[in-house]
Amino acid sequence: MIRDGFTLSGAGVLIWVFTPKVNYSKIMIHSKVSCSIRGIDAAFVLKNLSGSLRFLLKHLVGCLLIANCVAVTALRAAVVDWSGAAGDGIFSNPNNWTGGAMPLNTDGARFNLSDASSITMDGRVTLDALTFETDGWSINGGGYTLYVDSVANNALGTNTIDAKMAISDGSVISAVAGSVLTVSERIDTRGYDLVFSGGGRVELALALGGSNAAGGDWGAHIQDASVLVDSAEAFAGWSNGKVFIEDFDAVLELKSNMDAVELLIANGEIVDSYGGGLVITDLMNGYVEVRPYQPVGTVWTGEGGDTLFGTAANWSGLYVPTSSDVITFDDNSNGSVVNFTERTTVQGIDFQTSGWTLNGNGNTLYTTLVAGVSDGLNTIASKLALNSGAEFLLQPYGMLAIAETIDSRGYDLVFGGGGTFELSKKIGGTNSSGTDWGAHIQNARVVVDSTSLMAGWSTGKVFLEDENAALELATTVADAESQILGGDIVDVLGRGLTVTDIGGGRTEVLAGYEPPLAGAWQLEFEDNFDGNSLNGNQWRLGTATGGLVGKAEIHPHAVTVADGLLHITSREEPIVIDGVTSDYTAAQISTFKTFRQKYGYFEARIKYPAVTGLWPAFWLMPDRGLYGQQNLYHESYLKFDLSGINLSSVQSAELRVKPLYVEDTSNGSNNLVFMKLEDDSWDASTLTWEDRLTPDPLWLARYVNGAVVGQDMVADVTDFVVQEMAGDQVLSFVLADTFMRTRQIGFHSSEAANADDRPRLVIDGVTYFPSEDTYVRAGAYASMNFSSEPELIVEEGWANTSTTYDGGMEVDIFESLGIWGENVTSHALHWDGYGVDHQNWGPGEHIYYPATRDDFHTYGVYWEEGLIEFFVDGVKTAEFADERVMSVEAYMILSLQVGGWDGNTAGPQVDGQTIEVDWVRAWSGTKE
């Protein structure tokens, strides 16, 4: 029933009501039914309506159809404007009101003048409505009570009621968004319902009180409003009253503590009428906030292949989404293909898991937002039409394939979030009248599988807006460069675009990859750490021959890659390597054997904490490419095929190998690292050194001089086994020496007669043997296969490739001791060894450089014959010009060491400290 407002007559009225909880409720009002409403100005207010009708009026959605209606009339009372002066008694003189007539009990009083601010009541006042149209007003009670049915603060500011208030049943206190209504005296609810709405904030200085109603379902109804009760007892005198949270924009703030508020909710004094649950937050200032839980959107729960909007049963809450909703696809459904059967409009699409496909079946999807937090592939196979401000946002490792044309409709489109977008067809659509609209790539890779990027875009552009923006085109380098030259692809950073032929008829355009020096450059090395593991084709753990200088030793768990950053973390934990105990662990990674270069520009972007005892660095060391006696290089491979074995949970797993022989270590040492290999495609019968696969450089375990004939060498591989058993259930490992320790270890292979001598994978006490194993050998044997040999061999020959004699040099591009404080850099050069012949150079002072907004600095070195120049954030900080400048190739090192010199004493403060590296790059070429 609709009451308080309309007289309706005629053949009939049908109202369709949209709510977030009920699917298109129908309310039929038959002919010759009448009701009344008291109007205020040109608008009207409906009181005590159902939640559905409140939602309809608030959001102005749904459809009102009045068929064959004879008359629709609204009954309204008078609205009288205040025209008096500040301080006058509100009813003392009719001249204080427009028309010379004071408002009556059934009238509304309105305050909309700017020259008055404080009005004092001189007696009990009864009004139908009190409305503020401008701010700064204060209604003082003077000891009298204001009886009122509705209060509306329509001004974008603060108004105050200092009078006691008494309300009638269904009274409404509203404040529009951006406004504050302060009530500093007690509100007597008199056992009636009170509604707070309007989108703004209502602040109550005292508790709500008044006589109790007989029932327990009356009280304060908070709809789209924020209500503060600035009193320790919010419900004084309310033995049966409740506060109802009725809308997803409702906020209740109490002067209380978490326990007291939780008890109020548990006892039913704060009620979740919206039905989604309540979220309680300690505001840490003596107040507690209660809000309704607001889900991201409507979640698909249907089966694969169901029509998207065919039935409400396909959605959580049995609610069919509309154009204002964000729809979510997660793992609630066992289906992955969802079909559109008509043109569909939604506010946004949120992919929470991968594997979904939205098929348009010739229909168009209109949307403003496509987001995804999954790390897999989702597909939109429908046509897309975008509205203003459209965004496509995918987290790193996420991929979205768009199989049909995107109609931008002349609006800007943003690609961001760190993921990859694959566009099978063009971005097209109607042209905007301006020339600065188009596709904006921010921290994302956009792949356009079309020879023409901008079909129909006579003025549209593609903007590469940050250093992580990448555009891949199915075109030639010349065509991409032509589009750049013509202004169709725009370098927003202004640092130049790098255009590269990446093969397969495709060209890559990258933003912000030019060094901060003018010259002719070719990007030779780059790692942006965008994956979730260290790239073994670019990096190894450690340098040429050993561990860290200082108080720490290398540990693989110190290195992680996540969120587009390399993290190296120091820990206070003992570790024993070759009989020597270090009190701390940290790490360094290098490009030794993977990348080396003579001359050019080398650069890294690094953030580090200035903690005493830490010693981060970015440096170069010689790498002449002479890697010892290549014929003695051996690595061994093992594969365990556990497919078909049911291992629902794994508590422990160990890889065990047993030495068959150990080369004499009186003049050297042996070294064994256990490494995981995630690519299982190798075949022992064909594998050679030339086609061997690259393992994860972060080893599982390491033994230095730990090989003893007949005694197992063991690696804990639990985490890797758990990972692989959730996948293809095939596990591969590599045994190697990555530090040129020179002494060979021979192991029993799977051909050993005694089962206890064979390599074994022991999972929860159960032993599994390799399905394949072999070793590979370098040098003259690089193309040979050794799978028939009855042993596995590990060895890496030593060479003097990294010496700083004979043209070699250590180049410390950046290093900083924590004791020096923040934003302090030191450069240094060292040559002719580290003994009696050692020579070094430094600028003679520590270089302070101003802090950046995100605490990252970019450290670089320019190197040519006879000259080394150092840079911080693109500014030259030092140079060394001498014929002794390094003249052999060099590899790069990133390290976090512990200790050092200059009083940089290690201690518990270094535990858990992390340096972060955003990217590392190297260019060949010369500056101008």
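Author: A definition is needed at the outset: two strands pair if DSSP finds at least two bridges between them. Please also keep in mind that this is a predicted model.

Reader: Understood. In what order do the strands of the open sheet come?
Author: The order is E9-E11-E13-E15-E18-E21-E23-E26-E25, which makes 9 strands with mixed pairing.

Reader: Which strands are at the edges?
Author: Strand E9 (118-120) and strand E25 (278-282) are the edge strands, and each pairs on one side only.

Reader: And how many degrees are neighbouring strands turned against each other on average?
Author: The average is 15 degrees for neighbouring strands of this sheet, with direction ignored.

Reader: Do take one pair from inside that order. Are E15 and E18 parallel or antiparallel?
Author: Parallel: strand E15 (residues 180-183) and strand E18 (residues 201-204) are paired over 4 bridges. Within this pair, Val-183 is opposite Leu-204 of E18.

Reader: Which strands does helix H2 lie across?
Author: Helix H2, residues 258-266, lies across strand E23 (251-254), E25 and strand E26 (288-292). Its direction is at about 165 degrees to E25.

Reader: A change of topic: where is Ser-382?
Author: Ser-382 is in the loop between strand E34 (377-380) and strand E35 (383-394).

Reader: Is Ser-382 buried or exposed?
Author: Ser-382 counts as buried, because its relative accessibility is 1% and the cut-off for buried is under 20%.

Reader: Which residues is Ser-382 in contact with, leaving aside neighbours within four places in sequence?
Author: Those are Phe-340, Leu-358, Asn-359, Gly-360, Asn-363, Leu-365 and Glu-404.

Reader: Now to strand E54. How many of its residues are buried?
Author: Strand E54 (residues 580-590) has 8 of its 11 residues buried, so by the under-20% criterion the strand is mostly covered.

Reader: Which strand does E54 pair with in the parallel sense?
Author: Strand E50 (residues 552-554) pairs with E54 in that sense over 3 bridges, and Glu-553 is opposite Thr-585.

Reader: What about antiparallel pairing?
Author: Strand E53 (residues 571-577) runs antiparallel to E54, joined by 5 bridges; Glu-572 has Tyr-584 as its bridge partner there. Strand E49 (residues 540-541) is also antiparallel to E54, with 2 bridges. Another antiparallel partner is strand E76 (residues 890-898), joined to E54 by 4 bridges.

Reader: What are the bridge partners of Ile-589?
Author: Ile-589 is the partner of Leu-541, and in E76 its partner is Leu-894.

Reader: Lastly, which residue takes a positive phi in the hairpin of E53 and E54?
Author: Asp-578 does, with phi near 55 degrees; the hairpin has 2 residues between the strands.

Terms used: Residues are numbered from 1 along each chain as its sequence is written. This is a predicted model: local features need pLDDT of at least 70, side-chain atom pairs count only at pLDDT 80 or more; totals for chains, interfaces and linings use all residues. Side-chain values use heavy atoms; hydrogens and water are left out. Axes are lines fitted to C-alpha atoms, for helices over the stretch in contact, and angles run from 0 to 180 degrees between N-to-C directions. Contact means heavy atoms within 4.5 Å. Buried means under 20% relative accessible area, exposed over 50%, partly exposed in between (1.4 Å probe, protein chains only).
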